[in-house]
Amino acid sequence: MIDRRGVLGLPMRLAVAMVIVSVCVPSLVYATETFKADSDVSEAASEVEKMVSAADSVYYSGYGSTCTIYVSIPAGCEIIIGGEDQDAYTMRVTYDGDVKKTVYTQRPMIQFLGGPVTVTGSPELRFECVSEDGIYGVKVTYV
């Protein structure tokens, strides 16, 4: 419906433009939120690498050795160190309650003793090489 003066064509163009905008905005919002979540998980994963390095250091140094580090975990993320069964050898990054990344200690497999430790915010953590009930591993505590 086009006339010579564009009186009928303008409302149609505006309607099409509104439809395009209404379809694109939710996609852009979702992409922005997903990017932020991925960025936060990557930042938390770099802190996990720092923690794995600290655990390796005290484990190789032997029984009784300790190491203290500061970590900074983004809001919405948690790092869960240790746990039961297979989780005792892992550090897990969660975002809004969902596990996004699992890091296994390797060469050697280091067991985290003392149950799961949930890390949020910017705490100071102590890594200590211990032996509990004949099991040799690393215990993580808040300082």
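Let's start with a pair of strands: E2 and E3 run antiparallel and are joined by five bridges. Strands and helices here are DSSP runs, numbered from the N terminus, with at least two residues (E) for a strand and at least four (H or I) for a helix. Two strands count as paired if DSSP finds at least two bridges between them.

A word on the source. This is a predicted model, where local features need pLDDT of at least 70, side-chain atom pairs count only at pLDDT 80 or more, and totals for chains, interfaces and linings use all residues. Residues are numbered from 1 along each chain as its sequence is written, and side-chain values use heavy atoms, with hydrogens and water left out.

Back to E2. Glu78 has Thr94 in E3 as its bridge partner. E2 also pairs with E6, again antiparallel, over three bridges. There, Ile80 stands opposite Thr118. Is E2 mostly covered or mostly exposed? Mostly covered: four of its five residues are buried. Buried means under 20% relative accessible area, exposed means over 50%, and partly exposed lies in between (1.4 Å probe, protein chains only).

Now the loops. Asp85 sits between E2 and E3. Its phi is near 55 degrees, which is positive although the residue is not glycine. Asp85 counts as exposed, at 67% relative accessibility. Asp96 sits in the loop between E3 and strand E4 (98-104). The phi of Asp96 is near 50 degrees, also a positive value in a residue other than glycine. Asp96 is exposed too, at 58%.

Next, a sheet. Four strands form an open, mixed sheet, in the order E1-E7-E8-E5. On the edges are E1 (66-70) and E5 (112-113), each pairing on one side only. Strand E7 (residues 124-132) and strand E8 (residues 135-142) are antiparallel, with eight bridges. Val130, for instance, has Gly137 in E8 as its bridge partner.

What about the inside? A nonpolar core is a set of buried Ala, Val, Leu, Ile, Met, Phe, Trp, Tyr and Cys residues joined through side-chain atoms within 4.5 Å. The largest one has 29 residues, and Met51, Ile79, Ile81, Met91, Phe127 and Val138 touch the most other members. Helix H1 (9-61) gives the largest share, 10 residues. Which residues does Met51 contact, beyond its neighbours within four places in sequence? They are Ile69, Val71, Ile79, Ile81, Met91, Leu125 and Phe127. Contact here means heavy atoms within 4.5 Å.

Last topic: salt bridges. The cut-off is a side-chain nitrogen of Lys or Arg within 4 Å of a carboxyl oxygen of Asp or Glu. How many does the structure hold? Three.

Take Asp40 and Lys36 to begin with. Their side chains meet at 2.8 Å, N to O. They are separated by about one helical turn, because they are four residues apart in helix H1. Asp40 is buried, at 8%, while Lys36 is partly exposed, at 47%.

Then Lys50 and Glu47, with closest N and O atoms 3.3 Å apart. Both lie in H1, three residues apart, about one turn of the helix. Lys50 is partly exposed, at 37%, and Glu47 is buried, at 12%.

Finally, Lys139 and Glu132, with closest N and O atoms 3.6 Å apart. Lys139 is partly exposed, at 29%. Glu132 is partly exposed as well, at 28%.
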